Amino acid sequence: MTPDYDYERFFNLSPDLVFIAGFDGYFKRVNPAVLAHLGYSEEELYSRPIDDFVHEEDREITTDSRKRMLDNGSLINFENRYVSANGETVWLSWTSQPVPEQKLVFAIARPVTQRKRLEEDTHKLLAHLADVNDELKEFNLIASHDLRSPLGSLMGVFDLLEMEKIEDRETRELLQILQMTGEKLKETLNQYVDLLSQGLIEERPQHPAPVETTLNRVISSTRSLLDAKLAEVRLDLSPDSDLVLLQPTHLESLFLNLITNAVRYARPGVPPVIHIRSERDGDVIRLSVSDNGQGIDLESVGDRLFQLHETFHNHPDSKGVGLYLVHRMVTASGGKIEVESEPGNGTSFRITLPAGGR
């Protein structure tokens with residue numbers, strides 16, 4: 001004998017959202033939990049097509065899933081968004097079973113809005129942490145690479161010293177210790193550059209950076225290197241082109257790399273002359289950094305000029321990172337960089353950056 005269960009009571013008291021829908025795309029019956037959760041009346045739910053309640057962006061995938069359910073006989077753990085009566089987005093996880101002979105679909109949905117919000121918050125947090133991690137990698141790479149230039153200047157001083165002519169033994173020993181320490185620091189920085197050079201400079205919000213102030217700071221920091229090589233820096237800066245839309249640290253690194261490269265790759269016996277110009281052209285600033293150095297055979301270099309770890313001269317300090325960084329920083333700001341060069345006749349970098357103001 002079959003027990004006399006009160007199925008109606010079970011239907012009405014279930015905390016899950018219980019639906020009976022027709023193959024015609026309309027709800028035929030819902031339990032009170034549906035009304036409470038979505039906020040619609042029975043009349044509203046029964047008089048409008050089901051797709052009217054589905055979030056606009058999920059209607060296509062919902063239609064596709066409904067067709068698969070009818071073909072396969074069931075639908076399990078399908079998630080989509082509904083829009084409640086007060087306009088809020090509600091996430092539901094569905095388990096549905098069709099009954100073809102009655103042209104009905106029996107379905108149970110469980111609200112998962114809170115879980116979805118937690119997942120979204122988690123994804124945002126992970127994305128933020130990834131950005132912070134990339135920023136730290138970028139900072140370490142730029143700092144490690146750029147520190148090599150002033151350190152190179154310092155080590156150049158030791159090359160000029162004739163240790164055997166220093167009569168005071170204690171002074172000579174201290175200088176030798178400093179030289180050994182500098183060499184070790186140089187080696188360590190080179191290792192850091194190698195380890196960090198796979199980090200990327202992603203597109204991030206830029207800030208106005210002053211061209212002349214930044215240039216003066218870079219020239220001051222490289223003064224000993226410039227003087228040691230008898231280098232001359234000539235500035236031709238337009239007053240209305242002083243602000244560029246670029247991270248200030250990136251602008252400083254850009255000038256530092258191009259200036260030190262001009263000194264490092266000077267022609268033997270020819271003092272470096274570095275000419276830096278700026279001009280405004282509408283909403284962009286055009287910068288050029290030209291030198292009279294060894295130059296580059298661009299035809300043989302091809303598209304490798306700005307690639308990582310590509311070197312084009314036999315200089316012991318060449319790491320193939322400087323031009324890579326310059327290119328990444330310029331393009332990340334929405335700018336572009338072009339090069340003119342030929343062996344023995346110097347190199348000219350032409351950089352276009354968004355203007356940072358007037």
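How many bridges join β3 to strand β4? There are 8, and the two run antiparallel. L75 stands opposite S96 in β4. Helix α4, residues 59-72, packs on the sheet and touches β3, β4 and β5 (104-111). The direction of α4 makes about 150° with that of β3.

Some ground rules. This is a predicted model, where local features need pLDDT of at least 70, side-chain atom pairs count only at pLDDT 80 or more, and totals for chains, interfaces and linings use all residues. Residues are numbered from 1 along each chain as its sequence is written, and side-chain values use heavy atoms, with hydrogens and water left out. Strands are DSSP runs of E, at least two residues; helices are runs of H or I, at least four; both are numbered from the N terminus. Two strands pair if DSSP finds at least two bridges between them. Contact means heavy atoms within 4.5 Å. Angles run from 0 to 180 degrees between N-to-C directions, with axes fitted to C-alpha atoms, for helices over the stretch in contact.

Now the whole sheet. It is open, with 5 strands in the order β2-β1-β5-β4-β3, paired antiparallel. β2 (27-30) and β3 (75-83) each have a single partner strand, so one side of each lacks a neighbour in the sheet.

Next, a hairpin. β11 (residues 336-341) and β12 (residues 347-354) pair antiparallel over 6 bridges. Between them lie 5 residues. In the turn, G344 has a positive phi of about 85°. V339 stands opposite F349 in β12.

Definitions and conventions. Buried < 20%, exposed > 50% of the residue type's maximum accessible area, 1.4 Å probe, protein only.
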